[in-house]
Amino acid sequence: MTRNITNYFLLATATIVIGIFGTKFVILQTISSNTNFTSPCSQRPCLHGVCQETGLNNEFRCFCVNGFTGLNCQTNYNECQSSPCLYGATCVDYVASFKCVCSEGFTGQFCEVNINECLSNPCLNNGICIDDINDFICDCPPGFIASKAQQKYHPPVSLENMLQHGAETIIMGWTTGFPEASYLYSRKWAPEDARTKKERAPCVCPLHFTGWRCEEEVTVHIPHFGGNSFLQHEFRSRRFQQGLNIDVSFRTTTSDGLILYSQAIDSSGAFVQLVLSDGMLKFSFSCGKQTMVFVQSHQKVNSAYIVNINIILSWIPDGRGSGECTASLQVNGTAPMKGSQYVVSPVFNFTTFYLGGFPPGLNISNVPMFSIPGFVGCMRDLQINGKERRIVNDAENGAGITECENNICSLKPCQNGGQCKSDGEGWFCDCKENFTGITCERRSCPTNPCQYGGTCLLTGHDNDFVCLCPFGRHGKICDMITSYSWKYFHGDVMGYSSYYKVPGPSNIKEFLEVRFRFTTSYFQQVGLLMFLGQDDSDQDPMEDFIAVGLIDGYVVYQFNLGSGTRELRSLQPINASKSSHTVNYGRYKRYGWIVLDSQQKVGGFAPGHLTALDVASDLYIGGHISQDLILLPVGARQFRGFQGCIFDIEYRNKPGVMFKHLNHVTSGRNIQRCNYSECDVAPCHNGGTCVDLGSTFKCECSSDWTGPLCSNRTTPCSGENKCALGAVCVLLESGYRCDCPLGRNGIYCDKLLSISDPSFNGENSYMSFEPVNIRKQMRLRVDFKSKSTDGLLFYAAQRLSETPGDFISVSLHNRQIELRYNLGTGTGTSLFLKSPKKIELNQWYSLEVGRHERKGYIKVNGSEITGVSPRGMVALDFSSEFFLGGVPDLSTVAKEAVENEPIPFYGCVRHLSVNGKEYDLTENGSVAGRNIEDCDGTPCGFSTCRNGGTCSMHSEGNFECYCTEQFTGRHCDVPIECFNHSCENGGTCRPLTSPSFSGANYSCDCSLGWKGMLCEIALEVDVASFSGESYLHIFDQGYDNLNLFHTHLSFIFSTTNDTGLIFWNGKVIKEGDDYLGLGLQNGYLKMVWNLGWFSRNELLITNMSLSDGRRHHVEIYRIKQTLTLEVDRMKFFSHVRGDFMELNTHGQYYFGGFPREKDIVEETGGRFTHFFTGCIGQIILPHTLKSVNLMETGKGSNILNCEYPLK
């Protein structure tokens, strides 16, 4: 746009005028001159512009020509300041223009186009060309190497030798030991590249790679976009008549950038676009008519905190081929911005959407490609039409993506060797063994003696400890209940403050007023009275928060709305003669105030222009959960835990309305009643001195005594004690106890114990089991008998720590069964289901609980209740074992997993199954456990006698099973037909439903190397023959030495059957398990493989039928995520995406089928359903150079030698 400069002479005089020249905005300011009546413009003060007299005080103004700025138009405007040139290009500034001098391999006005070096088809011999930056890569078929792909394989030359000789190509490869089985990855790299590597611009790496030259593989959970990054996702369903619903979260500190874009592939012109513009969200859309634009102008969103976005595009037809198209944008759950268009015959043919940017060279008709910069920041929590997407792993394409580092991780908060990690819900410290705490700041107690989730602090030698009790408990080990009128805060104990937290006031972005009372006798403290802030503080000085504290007798009020902290202080210190004090504080937009007792109000404004308070839902009283309050924002880290009493807390979120009480405590630590001391009852023995610590105490013992109560002469747990080998000594108030491992009991764990139905003591017992996949769904069945009204029955979590993340729990509270889980939607959003009826104690109940994505249910004795967790996440991320009856340390149980404090289960369990897997509840069936007894003290458990058998005890302590007519054996596990069978040489008896031709009512499954009716005939097997009821198992002895990036195996087979499993390598118990399988489906060869989670694929070869009875040769090559299947010298290719590159199957190969106790559908995840019939031979596994000897390395059942040579 160009305007005549004289048009601006008509503007009224002003001190500052904003004008437009060409497409530039310039600021024109007045310049004062002397009082002589000389034309201020006669001296030509405007060097590159037009001078205009203002007519006032001999002043003038300069109107600059395009390309210049400054008071006198003296400065050439630097068009390169906005960094318009991409990919390392050099920007050359000219007057009112610029030029990009591109790096090698790029072209275009902004150097935005990566020159495609593959257009000339440089790779020969069917090599696949992959375009690179100023380069290309030849992905060569086996037997050839790059760069020209026509040379036969030779052993790789050393890197050093190649550099010395100025080699054009560096070959990074490996040899698997097979001819023509080398895979070589090439890249042009001259010797000077190695010397000048640090001086060159780094590569923009494809998805899942990083490093200077993209040489390092990387696993990304939460993606960071660097401005030249993008992620490309596909819409898996195109049924957009029901609408399009996209959820995504992001955080950034930059002011401009593309967040999301999608465009219809037809000619309708429909699109959806969300961008950042000057820190505000700008939402544009079109349904094929005009473009509509909305700008969220009330608050900037580039404050480095998570912003939750919901975009909806919906279509309401009118029944005549037309209708209303509506789009909406919702930010952080606020009221959505909406717009509608009436469109004739709309077609929403969306297939792809982009996050953060576009691929280089992409043609977007609705967007000038480089008018919108790429996004810089992090994204997470992607959902499409209610279905969760893994934002990185499910992407079809991407570049420049790295792991988003949580701000706090850059400060290295984790102590004692712990590692700071980031996941979808924030940051956490992964502690080394024997350390615990939010920041791994303390040593863990060997066995936590503190009950009900108390925090155990080691205080010295012999595992001496202090228990900081949870809210509502007190005593040396937190075993006593506390009732409060006024709550007392002790301050800090070893850096841990007293505190409790309540659900904070709602709807307080604009207005909040709080009033409360407190007492204290310690006036010179720097104590925190209240704190309201972010869920996940990252030490940002611009973080929103409110803090009220006592500093040297003055009440201090701090608040930050995102533009800096404002501090208000009472005019005078508190009056020591008053028994209690009243504080009233609040804010309306930027204005805040505080009043102490009857003193004058003190008020002031927050810095900057932001007016909204953006904080989490929890209000901390008296302290904070973190040691030394290190997780408070920078402006509030001066505080420590408050010493005194706080009470009568009230708030309101609108002026003039009634105040509301804040009484519901969700959690807390070390809170005592006002005017009460644990030392009042003189608990220390033998002259020990009691030190009051709030809800607990410590005894300072004389030199002759030791122990928590000074009642021990010696230190038993660091010296001599009677605990048996494998037991753990736990120091008690008086003496010690021995915690027994599974299979042991007695005071000193010195007696052997056989467990049939486990019994839990309700104090410190638990069992743990290997988990199965419950990420998307879970069906848990348990038979239990409880002796207490409360207790934790089942628990699994993302982490067994004080920051547990996602969790699921089944517990009893007041004789009602509760199901609770959180899928990562944040504090206060857990699903909570409670059975409608109370159970009776000491009675057996059959319980089923479960969930499918967000939906949960409880079924107990025929009664059912259901519920749905909050919208947002559908998958449960977990990494812990399954815990039954309790956990090793109750302080690591999620606060929302139980109603009050965690209590171990007290009672018996006789059956446990999860997703169909039945668990062995004996001492041999679990991973770990502690202090488990047998329910009735006898070997007669629920599953001791099977198949309907009845268990009876003998007087000498043994048991006997009385079986039904169909079974016999010690546990009624032997069919009657197989009693005293005649199968020889390890053959297994199998009952028949009807007698055989010979009249026998059983048959023998013969082990490998035997055949005959009774497995009485020896045979040698060279080529295995499978009957449809056979299997061959081979363990790869060289598995531990394999490079798991590569796979190579081969074999021959023949069959006349259309369907059957040829081989299976791996497992599918969990969704992320690795596997490789091959079989026949309708005569066609079917291959399936998975490297972990969604790095999986299937290949069905339909151009040849292989059930023709002929000999077929199969060879499989895999290098990382690319697999080649060669069948009779014809090659087929398969590729997987995702993070994973290794095939971890532990070397287990099953050919033809599985043992009878394994179900083929379950073992293969339904990918194959029938055993194989035919012949398989000449098997070569990854570690071998020749066919394996089946008689030496294999085992199996019903395998014969192939009677005819494979043709």
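Visitor: What pLDDT does the chain average, and how much of the chain scores at least 70?

Guide: The chain averages a pLDDT of 81, and 83% of the residues score at least 70; pLDDT is the predictor's confidence in each residue, from 0 to 100. This is a predicted model, in which local features need pLDDT of at least 70 and side-chain atom pairs count only at pLDDT 80 or more, while totals for chains, interfaces and linings use all residues. Residues are numbered from 1 along each chain as its sequence is written, and side-chain values use heavy atoms, with hydrogens and water left out.

Visitor: Where does pLDDT stay under 50?

Guide: One such stretch is residues 1–37, for which the model has 61 contacts beyond four places in sequence. Another is residues 537–542, with 31 such contacts. A contact means heavy atoms within 4.5 Å. Where pLDDT is low, the predicted coordinates should not be read in detail.

Visitor: What makes up the chain in terms of helices and strands?

Guide: The chain has four helices and 100 strands. Both are DSSP runs numbered from the N terminus: helices are H or I over at least four residues, and strands are E over at least two. Buried residues account for 52% of the 1207 residues. Among contacts between residues at least 6 apart in sequence, 61% join residues at least 24 apart.

Visitor: Why is R442 called buried?

Guide: Its relative accessibility is 9%, and buried means under 20% relative accessible area, exposed over 50%, and partly exposed in between (1.4 Å probe, protein chains only). R442 therefore counts as buried. The residue belongs to strand β35, residues 442–443.

Visitor: What makes the side chains of R442 and Y496 a polar contact?

Guide: Their separation is 3.1 Å. A polar contact is a pair of N or O atoms within 3.5 Å; within protein, one must be able to donate a hydrogen and the other to accept it, and residues adjacent in sequence count only if both atoms are side-chain atoms. The pair of R442 and Y496 therefore qualifies.

Visitor: What makes C701 partly exposed, and why does C710 count as buried?

Guide: C701 has a relative accessible area of 29% and is therefore partly exposed. C710 stands at 0% and so counts as buried. A disulfide joins these two cysteines, S to S 2.0 Å, and their link is left-handed, with -90 degrees about the S-S bond.

Visitor: Which handedness does the link of C1175 and C1202 have?

Guide: That link is right-handed, with 75 degrees about the S-S bond. The pair links distant parts of the chain, 27 residues apart: C1175 is in strand β98 (residues 1173–1180), and C1202 is in the segment after β100 (1200–1201). The sulfur atoms of C1175 and C1202 are 2.0 Å apart, and both residues are buried.

Visitor: Why is the pair of Y1031 and Y1150, among the 39 aromatic pairs, called tilted?

Guide: The ring centres are 6.4 Å apart and the planes stand at 40 degrees. Rings of Phe, Tyr and Trp (its six-membered ring) pair if their centres lie within 6.5 Å; planes under 30 degrees apart count as stacked, over 60 as edge-to-face and the rest as tilted. The pair is therefore tilted. Y1031 lies in strand β88 (residues 1031–1035) and Y1150 in strand β97 (residues 1148–1151), so the pair ties together parts 119 residues apart in sequence.

Visitor: How do you know that the charged end of R515 sits over the ring of F659?

Guide: The charged end of R515 is 3.8 Å from the ring centre. A charge sits over a ring if NZ of Lys or CZ of Arg is within 6 Å of the ring centre and within 35 degrees of the ring normal. The charged end of K1120 likewise sits over the ring of F1045, 5.1 Å from its centre.

Conventions
Disulfide = S-S within 2.5 Å.
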